[in-house]
Structures are given as structure tokens and as C-alpha cells.
Number of protein chains: 2
Amino acid sequence: MEKAQKTADALPSWKDGEAKERILNFVKNAADSASKNYIPPAERIAVFDNDGTLWNEAPMLFQVSFMFDRIKSLAAQNPDWKTQQPYKAVLENDHEAMKKFTHQDFGKLMAASHAGISPEEFKAAATQWFDTAQHPVYKRPYLKCVYQPQLELLNYLRENGFKNFIVSGGGVDFMRAFAEKTYGIPPEQIIGSSAKTTMESKDGKPALMKTPELQSFDDRAEKVSNINLHIGRRPVLACGNSDGDLNMLQYTAAGTGPNLEIYIHHDDAEREMAYEKHPLMGELKEGLVEAKAKNWIIVSMKNDWKKVFPD
Amino acid sequence: MEKAQKTADALPSWKDGEAKERILNFVKNAADSASKNYIPPAERIAVFDNDGTLWNEAPMLFQVSFMFDRIKSLAAQNPDWKTQQPYKAVLENDHEAMKKFTHQDFGKLMAASHAGISPEEFKAAATQWFDTAQHPVYKRPYLKCVYQPQLELLNYLRENGFKNFIVSGGGVDFMRAFAEKTYGIPPEQIIGSSAKTTMESKDGKPALMKTPELQSFDDRAEKVSNINLHIGRRPVLACGNSDGDLNMLQYTAAGTGPNLEIYIHHDDAEREMAYEKHPLMGELKEGLVEAKAKNWIIVSMKNDWKKVFPD
């Protein structure tokens with residue numbers, strides 16, 4: 001008979017309270033074959049958004065910071081960029097010009113920084129950036145801007161037979177550069193936005209090349225379609241932090257067995273940042289209304305977490 | 001220290017010989033941390049084509065048989081089909097008309113049989129078909145037309161820490177209807193051709209719907225792109241049976257560590273079928289030339305397998 005792994009101090013950075021208690025109860029029952037809320041191991045699929053859910057996303061998505069830094073590092077090979085927009089604005093840190101960037105401008109910057117190389121080369125570039133770059137506000141490496149309570153939750157789920165997946169609007173290759181080491185989530189459990197790849201011959205060997213053509217923008221309903229495409233099974237736990245995650249939580253909540261929906265609420269101005277509408281991106285508005293109406297867990301970063309970032 | 005699982009009789013349906021010996025050696029070394037050909041567990045990714053590699057594909061792809069049967073089962077709800085091509089040909093088993101089917105005709109039949117329902121409903125329809133339909137030549141259920149030696153290989157790999165993936169031109173939802181039970185391969189390890197899905201509201205609950213729009217035709221170079229998209233790691237073992245699998249084998253062979261490439265050769269006219277050019281589909285031509293040149297394993301179904309199908 002299967003019994004849940006010990007729960008004492010499974011989530012040491014979570015304060016005692018309703019959120020922690022409901023999570024512990026859900027997992028304990030899921031892994032207890034004597035419970036009426038038992039979930040067979042193969043069905044223990046948990047999906048997590050990444051930006052703002054597993055790590056910080058402000059003042060700017062980390063991947064955008066990476067993109068800007070990579071444009072700078074490639075500038076010497078592209079002398080024209082000094083006088084060409086949108087590259088010029090990035091090279092000169094011209095924030096006023098950046099604020100006016102169109103979708104097309106971002107597309108050009110993405111192509112210049114993310115395409116024309118193999119996934120392996122891209123991974124090496126991202127890894128080097130993670131090893132050296134610092135978060136502009138917290139003055140620590142980006143990989144130390146993950147949420148400590150969420151690392152504990154991922155680990156607790158894994159110990160109880162859950163398979164954790166990331167389902168994020170972030171680029172899949174970017175996340176794969178750190179998620180295995182940082183979250184314990186292997187590349188095959190990462191779903192994200194992606195560009196098309198083509199097979200080419202490089203030094204006489206077959207190699208994949210990243211193209212600028214978008215394959216999937218993994219947000220809103222596309223998250224659900226991608227869960228079906230990649231996982232093929234409805235999750236039993238879903239965790240996000242914005243309206244872009246709402247469809248994923250709704251889909252999980254529509255399952256016929258036990259399920260748990262969690263919203264992370266950025267309400268900690270002191271230790272992180274308080275916002276419902278992100279300065280540059282999405283917001284948590286409809287999601288908050290639905291979460292309250294349906295009694296989903298709304299995690300207050302301020303009141304439910306003892307700490308936000310790892311030491 | 002990690003040691004390989006016992007290999008005695010790991011592959012009882014494989015005859016002693018070079019193919020069996022090379023497979024056993026590769027796996028034994030991959031799982032032996034003292035071997036110079038050791039492969040860390042996370043990197044033990046094996047990819048298998050399905051049609052003609054894990055199960056029979058002749059005289060017609062099983063999914064095409066399913067499609068025809070499903071058109072027949074839906075005919076009562078679609079009285080117009082009696083007089084409309086391409087449906088009429090299917091309903092009347094008009095083989096001459098079927099031979100003239102265009103891509104567009106197949107598209108219409110796919111849409112009518114595979115779209116407009118949820119993945120769950122589709123899975124139920126496929127499962128019912130597997131429970132009742134019989135292979136026209138072997139007069140046994142389709143799920144008994146899998147290759148017994150391959151079931152043993154999948155199991156042997158799994159016991160030695162490999163993660164087996166299917167990477168097939170077949171439809172992903174169709175394969176997910178049986179692969180977990182039959183091959184021990186869970187839905188999240190199945191990559192196939194796919195149609196786009198949309199999120200809709202059904203009985204007041206969010207549901208996915210399969211559309212007729214192609215998302216990915218998982219063949220040739222697209223197999224490699226999909227391996228990168230879904231797995232994000234280069235496989236160390238690849239097994240196929242046609243030129244459609246060649247890119248996948250080449251990509252695996254271009255890895256920098258130990259790797260193994262296997263072609264299944266349909267040369268057993270007595271127990272199965274002997275062909276290099278499939279009567280309706282692809283062929284094994286370029287692949288065979290390259291396999292010989294590069295000393296990949298070419299499995300003779302006639303000479304390397306004691307039996308083809310399970311008892």
C-alpha cells in the first residue's frame with residue numbers, strides 16, 4: 001500500500017495557514033492509496049507557469065534582459081546595429097526608445113538573439129549569461145531570484161510521485177538551460193514558446209538550427225493545447241500567477257478527479273514587488289475573480305511565505 | 001555504483017547473433033558506471049518509430065483501417081456520404097476508387113473521422129476499435145500485431161533506466177489510446193503527427209476540441225525538430241524501419257557520446273511480409289545504404305527474431 005512521504009517540514013518556507021494546509025492535504029491524500037482522494041502515480045501531473053510563478057519577472061522578464069545582453073555581445077559582429085533601430089536603442093540603453101518598441105521590433109531582436117544557431121549553441125550562450133549576469137534590483141544572479149517556497153513545493157511533489165511540468169510563455173530553449181539544475185525539471189518536462197527548427201548539415205554532421213519563425217506562443221488557451229500535445233493527460237495540479245494561466249487552471253479544475261488550482265499573488269512590495277497589473281506585461285484580474293469564486297488557493301507572497309528568495 | 005540489470009534472457013525472442021549481442025552490450029555498458037561507455041540516467045533517451053517498427057503496418061496502416069471503420073460507424077449520422085466521394089468509396093469498400101484517393105480526399109476523411117471531438121472522446125472511440133477490430137491478414141486484434149521482440153527490447157531498456165519515446169508519423173492521440181497499456185510508454189513520451197486543438201466550452205466546462213488543421217506531420221526532418229521540441233535532448237538510441245526515420249537515426253548518430261542506431265528490415269515473407277518498398281507508403285532505400293556504410297544494426301526479422309508476434 002502506498003503512503004505519502006513524511007510531510008513534517010516538507011514546506012519549511014511556507015507559513016502555517018490555509019494555503020500550506022490545503023497543499024499538504026492534497027498531496028498527502030493523492031499519495032495515500034487508502035484515501036478517497038488518492039491519485040494513481042501515472043496521473044499525478046502538475047503544471048507550473050514559470051515567470052512570476054517559479055521565479056521573479058520584474059522589472060523585466062529575465063529572457064528580455066538576456067536578449068538585450070546578447071544583442072550587445074553580438075554588436076561587434078554587426079557594426080550596422082550602431083545606427084539601426086531597434087538594435088541602436090538596446091546598445092545605447094535608450095529606455096525611451098525601448099518603450100516604443102513594436103511587436104515587429106521585438107521580433108527583430110528575437111531573431112537576432114535567438115535564431116540562426118543550434119539549440120546546443122543557444123543553451124551554451126544562455127548558460128554563460130546565467131553564470132555572469134545580475135538582477136538589476138536584487139543584485140544577485142538570476143538563478144537566485146527563484147522562489148524558495150516554490151522550490152520546496154516542486155521537491156515535495158516530486159517526492160510524492162508527481163511529475164512536474166513547466167508550461168510557460170517563456171522560450172523552451174531558454175528554460176531548458178537552467179531548469180534541470182535549478183528546479184529538478186528535466187528538458188522533456190518543459191513546455192514553452194518555441195520557434196521552428198530546420199535540419200541542416202554543419203561540419204558534415206546533421207544539426208538543428210533555430211529559425212526566427214514562431215512555432216507556438218505558449219500563453220492562455222495555447223497552454224492547454226500544448227498540455228494536450230506534450231503531456232496528453234489532464235493535470236491534477238496547476239499553478240500560475242496571471243490571466244495568461246487562467247485557461248490552464250480552468251482546464252485542470254474541470255477534471256473529474258481530485259485537483260488543485262493555485263494562484264501566486266504578488267503582494268509583497270517589501271521583499272519582492274506588489275502588482276496585479278505587471279508594468280510591462282499581463283495582469284491578474286479575471287483570474288483573481290475566478291479564483292475567489294471557485295475557492296482556488298490564492299497564495300499571498302507577503303503572508304503565506306516566510307521568505308521569497310533562497311539565501 | 002550503478003550496474004546493469006541482469007541480461008540473461010532479457011531478449012528471449014531474439015536469436016543469438018550480432019544484432020542481439022550489440023544491443024545487449026550497448027545497454028549493459030550504458031547502465032554500468034564503471035564502463036567507458038556509461039551513459040548518465042538522464043541522458044538515456046531512446047526513440048522508436050511505431051508503424052513497421054513496433055507493430056505491423058501492412059497491408060494498410062492501422063490508423064487508416066481505423067479511419068475507414070470510423071467513417072462507416074458515422075455514416076448513419078451523415079446520410080449524404082452514401083452518394084459523396086470520398087466517403088462513398090469507403091462505405092462501399094470500393095478499392096479501385098480508394099486507390100485514386102488524393103491528399104485532399106484523405107484530408108476530408110481525416111477531418112470527418114478525427115476532428116470535431118475532444119481528445120478524450122477520440123481516445124474512447126479508438127479504444128473501442130482496438131477492443132473489437134481484427135487485422136485483415138493475421139486475423140487477430142491489432143494490439144496483438146505488435147512485435148514481441150520489440151516489446152522485450154522496450155522493457156529491457158526501461159529496466160536499465162532508459163526513457164522510451166515513440167516518434168512516429170502516426171497520430172499522437174491514436175497512439176496514446178493503446179501505447180501505455182501495450183508498450184508501457186506513457187502519453188507524455190509519445191510524439192506523433194497532430195492536428196491543432198482549440199479550447200471551447202462544452203456543457204459549461206472548458207474542453208479541448210480536435211480541429212482538421214494539421215499541426216505537425218511527424219516524418220523525416222520533422223521527427224528531429226519534434227524530438228528537440230518535446231524532449232530537448234539528443235537521443236542515444238534510435239530505431240526505425242524506413243527512410244522516414246533516417247534523419248532521426250542520423251541525428252542520434254551525430255551525438256558525441258555512445259549511441260546506437262537500429263533499422264528493422266521487413267524480410268520475413270512467411271511470418272510477416274517482405275518489402276523494402278511498402279505497397280502504399282514509404283520505403284527503406286537510402287536508409288539501408290547508410291546503415292550498411294555506417295555499420296548500424298540492421299535487424300533481419302527473418303533471421304534475428306525467433307518469433308514476430310506475441311502468442
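**View 1. Lys20(A) in helix 1 of chain A.** In this predicted model, Lys20(A) belongs to helix 1, which spans residues 18-30 of chain A. The relative accessibility of Lys20(A) is 10%, so the residue counts as buried, the cut-off for that class being under 20%. From its side chain there is a contact of 3.2 Å to the backbone oxygen of Leu11(A). When neighbours within four places in sequence are left aside, the residues in contact with Lys20(A) are Leu11(A), Trp14(A) and Lys15(A).

**View 2. The open sheet of chain A.** Seven strands of chain A form an open sheet in the order 4-3-2-1-5-6-7, and their pairing is mixed. Strand 4 (205-216) and strand 7 are the edge strands, each of them pairing on one side only. On average, and with direction ignored, neighbouring strands in this sheet are turned by 30 degrees against each other.

**View 3. Strands 5 and 6 of chain A.** Strand 5 of chain A, residues 237-240, pairs with strand 6 of chain A in the parallel sense, and four bridges connect the two. Gly240(A) has Tyr263(A) of strand 6 as its bridge partner.

**View 4. Helix 12 of chain A and its surroundings.** Helix 12 of chain A covers residues 286-293, and its buried residues are Gly287(A), Leu288(A), Glu290(A) and Ala291(A). Viewed down the helix axis, these buried residues fall within an arc of 165 degrees, so they line one face of helix 12. An α-helix has 3.6 residues a turn, so residues three or four places apart point the same way. On the face turned away from the buried side are the exposed residues Val289(A), Lys292(A) and Ala293(A). The buried residues of helix 12 pack against three elements of chain A: helix 11 (246-253), strand 6 (260-265) and strand 7 (297-300). Just after the helix, Asn295(A) adopts a positive phi of about 60 degrees.

View 5. Strand 1 of chain B (residues 45-48) is covered on both faces. Ile45(B) and Val47(B) lie on one side, Ala46(B) and Phe48(B) on the other, and all four are buried. Strand 1 runs parallel to strand 2 (residues 163-171) of chain B, to which four bridges join it. In that pairing, Ile45(B) stands opposite Lys163(B) of strand 2. Three bridges join strand 1 to strand 5 of chain B, and this pair also runs parallel. Here Ala46(B) has Leu237(B) of strand 5 as its bridge partner.

View 6. Strand 5 of chain B (residues 237-240) has both faces covered. Leu237(B) and Cys239(B) are buried on one side, and Ala238(B) and Gly240(B) are buried on the other. Four bridges link strand 5 to strand 6 (residues 260-265) of chain B, with the two strands parallel. Cys239(B) stands opposite Ile262(B) of strand 6.

Key:
Residues numbered from 1 in each chain as written. Chains lettered and ligands numbered in written order. Predicted model: local features only at pLDDT ≥ 70, side-chain atom pairs only at ≥ 80, totals over all residues. Heavy atoms only, no water. Buried < 20%, exposed > 50% of the residue type's maximum accessible area, 1.4 Å probe, protein only. Arc of directions from axis to C-beta. Contact = heavy atoms within 4.5 Å. Pairing = 2+ DSSP bridges. Polar contact = N/O pair within 3.5 Å; in protein donor to acceptor, adjacent residues only side chain to side chain. Axes fitted to C-alpha atoms, helices over the stretch in contact; angles between N-to-C directions.
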